[in-house]
Amino acid sequence: MRERFWERFDLEELTNEEWEALCDGCGQCCLLKFQDEESGDLAVLNVACELLDIHSCRCSDYENRFAKVPDCTQLTPDRIDDFRWLPKSCAYRRVAEGRKLAAWHPLIAGGPERMHRKGISVRSFAVSQGEVPEEELEEHIIAILPIDA
């Protein structure tokens with residue numbers, strides 16, 4: 001990877017390896033979400049996709065995730081504007097908005113532990129989808145995000 005690529009290149013100019021490395025691994029994009037059809041608002045749950053390893057906050061089967069979870073969302077440089085629901089801490093969002101990576105980001109801190117200790121990741125609060133019956137999902141809403149059309 002190119003040195004400090006996130007500061008020197010636009011998201012569209014990153015190699016696939018650089019794009020993947022930019023992910024801070026917080027797991028927030030892997031939390032289940034429901035969109036209200038009328039308002040467009042997005043309800044975020046503390047329930048993580050069945051494939052998310054909650055301790056590491058990484059997908060347990062990244063290469064096959066779309067086959068196993070058909071509604072898994074793929075974030076790509078050309079779709080970044082579609083993902084306004086990403087947290088303000090997200091490295092993709094930060095770079096897209098012209099902001100620097102946070103000091104806790106694994107590329108800056110040398111690994112993910114600082115991010116986990118600062119409470120940025122879902123490690124401290126997420127539960128696995130397999131542990132929550134479908135009829136109880138609504139009880140796990142932790143935020144409502146207004147999404148402008």
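Setting aside neighbours within four places in sequence, His116 is in contact with Gly25, His55, Ser56, Cys57, Ser121 and Arg123, where contact means heavy atoms within 4.5 Å. Keep in mind that this is a predicted model: local features need pLDDT of at least 70, side-chain atom pairs count only at pLDDT 80 or more, and totals for chains, interfaces and linings use all residues. Residues are numbered from 1 along each chain as its sequence is written, and side-chain values use heavy atoms, with hydrogens and water left out.

Back to His116. You'll find His116 in helix H6, residues 113-117; helices (H or I, at least four residues) and strands (E, at least two) are DSSP runs numbered from the N terminus. His116 has a relative accessible area of 10%, so it is buried. The cut-offs here: buried is under 20% relative accessible area, exposed is over 50%, and partly exposed is in between, using a 1.4 Å probe and protein chains only. The side chains of His116 and Ser121 are joined by a polar contact of 2.6 Å. That term means a pair of N or O atoms within 3.5 Å; within protein, one must be able to donate a hydrogen and the other to accept it, and residues adjacent in sequence count only if both atoms are side-chain atoms.

Next stop, Asp61, in the loop between strand E4 (58-59) and helix H3 (65-68). Asp61 is buried too, at 14% relative accessible area. Its side chain makes a polar contact of 2.9 Å with the side chain of Asn64, and, not counting residues up to four places away in sequence, Asp61 touches Leu51 and Lys68.

What about the cysteines? The count of disulfides is 0, a disulfide being a pair of cysteine sulfur atoms within 2.5 Å. For Cys59, the nearest cysteine sulfur is that of Cys49, 6.3 Å away. The sulfur of Cys72 also has Cys49 as its closest cysteine partner, and because that gap is 6.3 Å, it is too far for a bond. Cys59 counts as partly exposed, at 26% relative accessibility, and Cys72 is partly exposed at 26% as well.

Finally, the rings. There are 2 aromatic pairs. Phe5 and Trp6 have ring centres 5.1 Å apart and planes at 85°, so this pair is edge-to-face. Rings of Phe, Tyr and Trp (its six-membered ring) pair if their centres lie within 6.5 Å, with planes under 30 degrees apart called stacked, over 60 edge-to-face and the rest tilted. Both Phe5 and Trp6 are buried.
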